[in-house]
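Visitor: Can you walk me through this one? I would like to begin with the ligand.
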Amino acid sequence: MIRINEHYEKLASSYLFSTIAKKVSDYTVKNPGAGIIRLGIGDVTLPLAKSCIEAFHSGVEEMGDEKTFRGYGPEQGYDFLRQAIARNDFQSRGAEISPDDIFVSDGAKCDTGNFQEIFAQDIKIAVPDPVYPVYVDTNVMAGRTGAFTNGRYEGLVYLDSTEENGFVPPPPRDKVDLIYLCFPNNPTGAAVSRKQLTEWVDYARSSKALILFDAAYEAFIRDPQIPHSIYEIPGSKEVAVEFRSFSKTAGFTGTRCAFTVIPRECQVYDSTGKAVPLQPLWNRRHTTKFNGVSYPVQKAASAVYTASGKKEVKDIIDYYLENAKIIREKFTSLGFACTGGDNSPYIWVKTGKDSWEFFDTLLEKARIVTTPGVGFGRCGSGYIRVSAFNSRQKVEEAMERIGKII
Ligand code: PLP
């Protein structure tokens with residue numbers, strides 16, 4: 001008899017995006033041609049940068065010629081990309097990360113989701129609330145939680161991200177072993193200061209814990225005081241893994257390329273308390289279960305680091321950031337407290353109402369789709385997430401509509 005992994009039965013159904021889709025489709029049936037504007041999704045809308053497309057094409061051409069054809073590449077990624085990443089994303093900021101510390105992959109979703117499998121079953125895990133659901137669900141699937149009750153899984157430590165702490169939770173009083181942090185944050189848009197990140201690094205060092213730092217939205221940071229990488233914090237290399245992605249940085253959501261950084265100094269422990277280097281463990285996992293990102297895609301990704309690529313990618317992000325500014329200013333002018341939108345494509349709006357009620361008002365009265373904050377966790381209750389990923393014209397029209405109904 002083939003039996004299932006019963007931990008899957010504990011998973012709370014994620015009604016969020018299916019409920020949104022159903023509400024939007026019901027509304028469209030009743031109001032055909034309503035001209036709905038979507039500010040709910042976390043997907044990019046602008047095409048790939050010109051430099052990336054050119055590199056992508058040339059990679060494809062090489063694959064079509066016997067002299068330059070390539071089969072399986074190194075599972076960890078081609079050297080040309082790993083070197084470009086190490087130099088531009090880390091060494092240029094004073095973080096001594098070497099190309100060998102970088103593992104290229106097809107997405108930060110897979111990496112943040114898969115990373116937990118190299119740790120013991122009975123570790124204590126801390127996750128933010130509200131949260132990118134992948135961190136939680138993959139640990140539920142792995143059997144590291146109890147049942148889902150009152151909107152939370154038993155056994156997890158939730159790090160409340162609230163207005164009071166500026167949506168950057170401090171380290172918990174309880175001792176935890178594995179900590180998921182995401183900055184700039186999805187969904188709140190909050191960024192972490194150097195001082196706050198230093199507190200986390202100090203906590204991890206003193207409790208022999210590991211931080212999984214998701215920096216998928218790093219490219220949106222514009223405030224020079226905000227660290228782009230956790231490795232800008234002294235002492236972090238021993239206690240932190242960083243996830244990055246070309247998805248939001250360079251519009252690769254449909255193209256797929258990301259990377260995980262595990263410094264060779266990073267260490268974890270066996271059951272006797274003996275320190276074990278983390279990098280070889282992930283290398284073993286990665287080379288066993290993953291066969292590399294395609295050559296043309298890695299070529300396209302490496303074009304992000306050329307002079308023209310850097311400029312094009314910056315222009316694209318600036319475009320979304322201008323959208324975010326327009327959204328944030330509008331909601332603020334209407335009297336709503338907002339976070340994010342300055343170093344992030346997301347604006348977290350305090351609605352003063354139930355998240356779904358506010359979502360319904362925006363849909364039915366202004367034909368605008370947002371994301372109810374409560375769908376990301378209990379602390380998201382009363383908030384909505386508004387995304388800046390859309391055209392300027394649609395964002396402006398959406399804000400005009402909101403101005404008329406509120
Ligand atoms: N991490 C966060 C916080 C995200 O919001 C997302 C996508 O929305 C991802 C990771 C996934 O990135 P990728 O497209 O590289 O899988």
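Guide: A residue is near a molecule or strand if one of its heavy atoms lies within 4 Å of it. This is a predicted model, where local features need pLDDT of at least 70 and side-chain atom pairs count only at pLDDT 80 or more, while totals for chains, interfaces and linings use all residues. Residues are numbered from 1 along each chain as its sequence is written, and side-chain values use heavy atoms, with hydrogens and water left out.

Visitor: How many residues surround the ligand, and which are the closest?
Guide: The ligand is surrounded by 14 residues, the closest being A108, D214, Y217, S245 and S247.

Visitor: What lies 2.8 Å from an oxygen atom of the ligand in A108?
Guide: A backbone N or O atom of A108. R256 places a polar side-chain atom 2.8 Å from a ligand oxygen atom.

Visitor: Changing topic: at what angle do helix 11 and helix 12 pack?
Guide: Helix 11 (residues 355-366) packs against helix 12 (residues 392-405) at about 100°, with the axes 10 Å apart. Helix 11 is therefore roughly perpendicular to helix 12, a label for angles of 65 to 115 degrees. Axes are lines fitted to C-alpha atoms, for helices over the stretch in contact, and angles run from 0 to 180 degrees between N-to-C directions. Helices (H or I, at least four residues) and strands (E, at least two) are DSSP runs, numbered from the N terminus.

Visitor: Which residues meet there?
Guide: T361, L362, K365 and A366 of helix 11 meet R401, I402 and I405 of helix 12, where contact means heavy atoms within 4.5 Å.

Terms used: Angles under 35 degrees count as roughly parallel, over 145 as roughly antiparallel, 65 to 115 as roughly perpendicular and the rest as oblique. A polar contact is a pair of N or O atoms within 3.5 Å; within protein, one must be able to donate a hydrogen and the other to accept it, and residues adjacent in sequence count only if both atoms are side-chain atoms.
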